[in-house]
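Trainee: Could we go through this model together, one question at a time?
Mentor: Gladly, let's open it up.

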Amino acid sequence: MGSRLRIALGQLNLLVGDAPNNAAKMIAAAKRARDELKAHVVVFPELALTGYPPEDLLLRPDLSVRVELALGGMLKEISGIDVIVGYPKRQYGKIFNAASLLRDGKVTATYYKHRLPNYGVFDEKRYFAEGANPCVIDLQGVPTGITICEDVWEQGPVEQAQNAGAKLMINLNASPFHKNKGKERFDVVARRARANGVPIVYLNLVGGQDELVFDGDSFVVDGRGEMTQRVPAFVEGLYLVEVDTDGQVTPVTGSVMPELSEEESVYSALVLGVRDYIGKNGFAGAVIGLSGGIDSALTLCLAVDAIGASRVEAVMMPSQYTAAMSLEDARFQATALGVKYSFIPIDPMFESFLGALKEEFKGMKPDTAEENVQARIRGTLLMAISNKTRKMVLTTGNKSEMSVGYATLYGDMAGGFAAIKDVPKMLVYRLAEYRNKIKPVIPRRVFERPPSAELAPDQKDTDSLPPYSVLDPILERYVELDQSADDIIAAGFDETVVRRVLRMVDRNEYKRRQAAPGVRITPRAFGRDRRYPITSGYGTDAKNEPGGNAPAGGI
């Protein structure tokens, strides 16, 4: 065996804003990389010292002081191994998204990110100035270029480093997950490697941060764009990469973890997002309103898989409209998963509310107002349990419902985190099937019965909405692909249905703005990705008349 460069990939889960503890975690990882993996260099993710994305924390001068102190601690504590670490650096009156080489107690080289993404969930131009120069460092005799995340997605930075002599590239990332993102990343990096004939080591952050989930899924490609190594996705760890340095610089073939199925990757992202939101925010556990339907069934599974059954409570709150099978199926699932199960009938409270509102509602027929009182009673009970137990309420609404406003403000929308907020209804079924293959905990008839909010006699979702098999493709085209009503109709969808659905999406922006944050698993989630005005004259009808946000009926 000839000479080899040994690189440790620190695929770490870090906490935004916590520079001292992030540094301590990296110091421990660096010592382990040195002593156990015998690595020459350890690499940490983009903005590792602050976590990603730090957002407006970057505008606070004291954050820069904390970063400098934490960086100083790393310089003092780490010896015998090189460290490449990402952090925000104030320089020349500006802030740069930087990566530095720490060696022998000194910062010996620094790279400033060139390409600053400013689309979707990214707004780096709000905070950072662009770098312009390449950074090529010597690692055990190998000229190695450093780039950061977006730099490898666009032509320029890698080519610049290669022209400066780089024979190997190390790319630090904080690249958030969405469906099929792993393949997209690999295709981009492989294309860049082939175009320049240079191997690329791609290191990504792992962990949940508010709506975003970072999946890790770090990998290495050779100069032909062939994958030589891929580490586990959604798993924090320290992983060794070896590079032959005799003659041509070539990564040594290592373990290539198989690509996850869409269901497995999305489910893993949801679990990680729930776990980190609860854990990083210091909640004691989770409490869920369990209805006997598919959405709450999936949410309960996610909670148990995220934090363990002992920290999860399921609450059944039946009314006169709750079917017997809902009661049976909810109890079965709670028992199968081993969670605490509470049973609180809401009929007495509902009657009290109606009694109090008797004069206000006099002469008016029952409608969604009475339905929503039930939902709001349930929301109040769950929030009371949350306040008393320090368990966070996980809401159970899916993306299809959030899109069209089929949810009750301060009712089923009340809670701290919306686990499946970005999961369309048809994908909810697929994820539930996936979870049941691991262990059958959701009764079969939960999949087979027509979806219902059970807020009125014999109620079904299809009383208010098109079938989800029709609704979801329309929503995908309008919400995620920005297609117009005419585009969607031209694709073969019924015009009346399309225009009705699009009106519902437009007029319910005010609800989505008040919804709890939730895990992002699509390229266009509500919130950070899709930011629409609440008050707007934009309409989706053919006449395109002002007043697109007609009253939503108080639902």
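Trainee: Which residue in strand 2 is the bridge partner of Ile7?
Mentor: Before we look, note that this is a predicted model, where local features need pLDDT of at least 70, side-chain atom pairs count only at pLDDT 80 or more, and totals for chains, interfaces and linings use all residues. Residues are numbered from 1 along each chain as its sequence is written, and side-chain values use heavy atoms, without hydrogens and water. Strand 1 (residues 4-11) runs parallel to strand 2 (residues 41-43), with three bridges between them; strands are DSSP E runs of at least two residues, helices H or I runs of at least four, both numbered from the N terminus, and two strands pair if DSSP finds at least two bridges between them. In strand 2, the partner of Ile7 is Val41.

Trainee: Which strands stand at the edges of the sheet?
Mentor: The open sheet has seven strands with mixed pairing, in the order 5-4-3-2-1-14-15. Each edge strand has a single partner, so one side of each is left without a neighbour in the sheet; they are strand 5 (106-112) and strand 15 (250-251).

Trainee: Is Ser319 buried or exposed?
Mentor: Ser319 sits in the loop between strand 17 (312-316) and helix 7 (324-337). Beyond its neighbours within four places in sequence, its contacts (heavy atoms within 4.5 Å) are Ile346, Asp347, Gln374, Arg378 and Glu454. Buried means under 20% relative accessible area, exposed over 50% and partly exposed in between, using a 1.4 Å probe and protein chains only. At 8%, Ser319 is buried.

Trainee: How many residues apart in sequence are the parts that Glu328 and Arg445 tie together?
Mentor: These two form a salt bridge, with the closest N and O atoms 2.4 Å apart; the rule asks for a side-chain nitrogen of Lys or Arg within 4 Å of a carboxyl oxygen of Asp or Glu. Glu328 is partly exposed at 46%, and Arg445 is partly exposed at 31%. Glu328 lies in helix 7 and Arg445 in helix 12 (residues 444-448), so the separation of the parts they tie together, in residues, is 117.

Trainee: How far apart are the end C-alpha atoms of helix 9?
Mentor: Helix 9 (residues 368-389) has 22 residues.

Note on methods. The expected span of a helix is 1.5 Å times one less than its number of residues.
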